[in-house]
Amino acid sequence: MIFHLYIKVSKSVNAGTILSMATNNDFVSQNTTASRTALSGDQKYFLAGDNLVTATPLVSFVIGANPAQRIQRIWLSQRTNTLGNIYFSADLSAYGTGFAAGNNIRMFVADDAAFTVNVQSVAGVFSGGKWVFNKSFDTDATARYITFGSEAQPQVLWVKADKGVNTASGVPADNTQISTWYDQEIVNGAQNGTIPTVDPGESAETAATLPTLPFYRYNATDNFNFNPVVNFSNLNRGNAVQFTTPTLGNQTVISVFKAAGFGTQYYENMLLYGGDVSTPSAGDPAPERADMSFGVSAGSFMSFGGGSSGDYSYLGNLGLQTQPAIGTMLRNRVGDEEVYYSTYGNGSNDILNQNADPDNTRTGEGRLLSGLVRMGKHFSAPTTLNDPEGRLNGSYAELIVYDRLLSDAERAMVESYLAVKYGITLTGGTDVVGGTAGNVNYPYVNSSGAVVRASDAAYRFDVFGLGRDDHYGLNQRISKSNNAGDILTVSTNTDFNSLNLNAARTAIDGDQEYMLFANNRGSANAVVQQTTELPANVQRRLDREWKVAQANTDGTNISNVSLRFNLAGVSLTGANVNNIMLLIDSDGDGDFTTGAVQAIPASSYVSGSAAFFNNINLNDGQVFTLGITEGVCYKPGAVAGVGNPALSTKTGITALNRAGATGDNWPGIRTGAWLALESKVKGFVPNRVAFSGANPVGIAPSNFVEGMMVYDTTNKCMKMYTLKDGDTALAWHCISSQACPDTAVGTPTLTPRPVNIGYWGASGFNLFSGHTAYRNQLENTANYGASGTFKGITGWNWINANSDVDATAATFSAAQLKAKYDVIVTGYNNMTAADAPANQSIYRFRRGSDCS
């Protein structure tokens, strides 16, 4: 028998089943839906059955060194051949709030039912009330066990300035002194930061010389990308926050800070984490301990050092330019006598795998570390007031400490989260500063490791953006690159002033949603205007372009955002609120002369300061910039008025069942139009025809009528059969240029001024002096202004041309007269209206030009 089996989405028909499988992330559409990922060959199967255990208590187990919990229900999967990625959708709602959105739910896959052999932990995404996972089993054993649960976050210490300052989950007011900095990682026991105490191994420091606690900064000036910071000072006794951590060997320390640095030895450097202690083992129950410090040396270089009997000290090569930075240090302890360090700045390699004691001249540099650690001031720093040695002078936003070495992939997850949150450009490479070189080779990833922005050689500068990632508590709703020269700020609402914590900010509605931006020029280059590579009807644009990267897990992008362009010091000649446009290159190639280019008017514009655009939707891969459009023409329709009866509209097309149905004379009541179109839910689609050469296909030339209009599907434009300027015969033309305006947007508005009247000879003088009523009418101020008889002018100046130009008048050219006078009176005659055309004696010269 031959069967034609082709199942790409599946779920057991038995009641109580909670697991579905599919070849793509679609658990709604039918199996035959064309968009489903195909299986590439015959006789490929992936089958799974469970043990039917529905009890809800969880089972504790360990993955590596990390505690974890799982449900008791287990599936045994078996496969034949290779199938690529398999997607799983699990309804885990029966297991309580611990499996709700926002938790770190994982799919565990192992070679045995006890989940002790070759265990893999796969991150999940909460979507549609279920947890969704995907994994390839192609290189696994053919039979594997699957279940679901949570894995403890492996941080040993995590403090951040936007949560848990002085209260467990809140923040204080600006300029409040810190009392407690609450640890956000409680799996290993909370290690809250508090007031410093004397270390048993440091005899120089006493209660009277201990550092004080730092101050909180929640304001528009002292922030990292609209996020608050804790400010440490090296004045007086200096500032520090102290923690008591478990005794640790291997460590990964990741900090977000800004400091200029000090000194050349690690114990002189500004302390980010750890602290030099003269006798690290003193007071410790165990006989031998070491100390370790991670800091900033003079020139804003990262440094590390430490020891037990004899110190080691190393300075990095990557200058962080006293800008907000992500500094990462890995301590790899091989044994008591051997330890290696690696440091990274903004994702760039700095020092890699440095042996702390390559000459074996010291003792115990790899020992376990003392439990007392600080941020801010070394235990051994001089006690002299205002001595800068060993004291941090700068801002701190976040510190995360792991009790193990993070892999490169894990480090990328944490550094990507911090980079988006704090507007820092990750770099890649070795000893490369992202603020200068841009994102050279470092994809941004979410907490599951999925790429949310790939590196782009053309658009690599000033990477920043909006994002939500519940695993890290990321909820960045306003953002700007921390690089000094970038001019773009993006927000989920129109508030560009308050900090990110403002509860009124519009929410990002889905987990692991990101909207990231990067530009093509970089902050090292001034933003200038250019008159090349312009789309139609655009006079000039900025040379800087931004590219969008969108990522989500629920099919919905971040949308309706607001953009603010800081234009202080940026030249865009002729810019005003009517002609400054957001230009969006929809095909994303960065060439604004090809493909569809959308021009969106500014929501508001402050000359010489900023342009604002609200409710903007940008798709992944689109490129945008600012431009100045040519004069946009507006010619209002003719409406009824004094001496102008209503012009009835003769023809209309409606989707609202209006014509003849209500007795309201539609479309005649829509006055002043050739054609009225009305619809709430439908667009107007003119006849769509292909063109061959100059003419439409299927319409005989004998049927062409002047004014006929169709949509040309070949050349992608509306076309009209008409005469264009310079034509001698009717032809089909794309409607691509706007008509001559009554008011030209983009043309400078003329400032109201007096009209200059020059009079010549006795007759002209008599017009000025003898006709009092006429002159009074001209000079009456009530006749000026927006509602006056003479609009757009401020009055009249009578100038005696005899004395003004005198004897040289005969040599004056028409251009000179035009520049001097608006009206010249050479004489006058009393006449009837009928005689006027034949007896004109007033010649008018207009300044400027008009469109006719």
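Trainee: Which residues lie nearest the centre of the second largest cavity?

Mentor: This is a predicted model, where local features need pLDDT of at least 70, side-chain atom pairs count only at pLDDT 80 or more, and totals for chains, interfaces and linings use all residues. Residues are numbered from 1 along each chain as its sequence is written, and side-chain values use heavy atoms, without hydrogens and water. The lining holds 14 residues, each with an atom within 4 Å of a cavity point, on a 1 Å grid over the protein atoms alone where a 1.4 Å probe fits but cannot get out. Nearest the centre are Gly-274, Met-292, Leu-369, Ser-370 and Val-373.

Trainee: Which elements give two or more residues to that lining?

Mentor: Strands here are DSSP runs (E, at least two residues), numbered from the N terminus. The contributors are β18 (270-274), β19 (291-297) and β25 (372-376).

Trainee: How much space lies in the second largest cavity?

Mentor: The structure holds two cavities of 30 Å³ or more. Volume is the space filled by probe spheres set on the grid points, joined across faces, edges and corners. For the second largest cavity, that comes to about 90 Å³.

Trainee: Is Asn-225 buried or exposed?

Mentor: Asn-225 sits in the loop between β14 (215-217) and β15 (229-232). Its phi is positive, about 55 degrees, although Asn-225 is not a glycine. Buried means under 20% relative accessible area, exposed over 50% (1.4 Å probe, protein chains only). At 3%, Asn-225 is buried.

Trainee: What is the relative accessible area of Asn-360?

Mentor: Asn-360 lies in the loop between β24 (348-355) and β25. Asn-360 is not a glycine, yet has a positive phi of about 55 degrees. Asn-360 is exposed, with a relative accessible area of 63%.

Conventions. 1 Å grid on protein atoms, 1.4 Å probe; cavity = no way out; pocket = protein on both sides within 12 Å on 5 of 7 lines; lining within 4 Å. Helix = DSSP H or I, 4+ residues; strand = E, 2+ residues; numbered from the N terminus.
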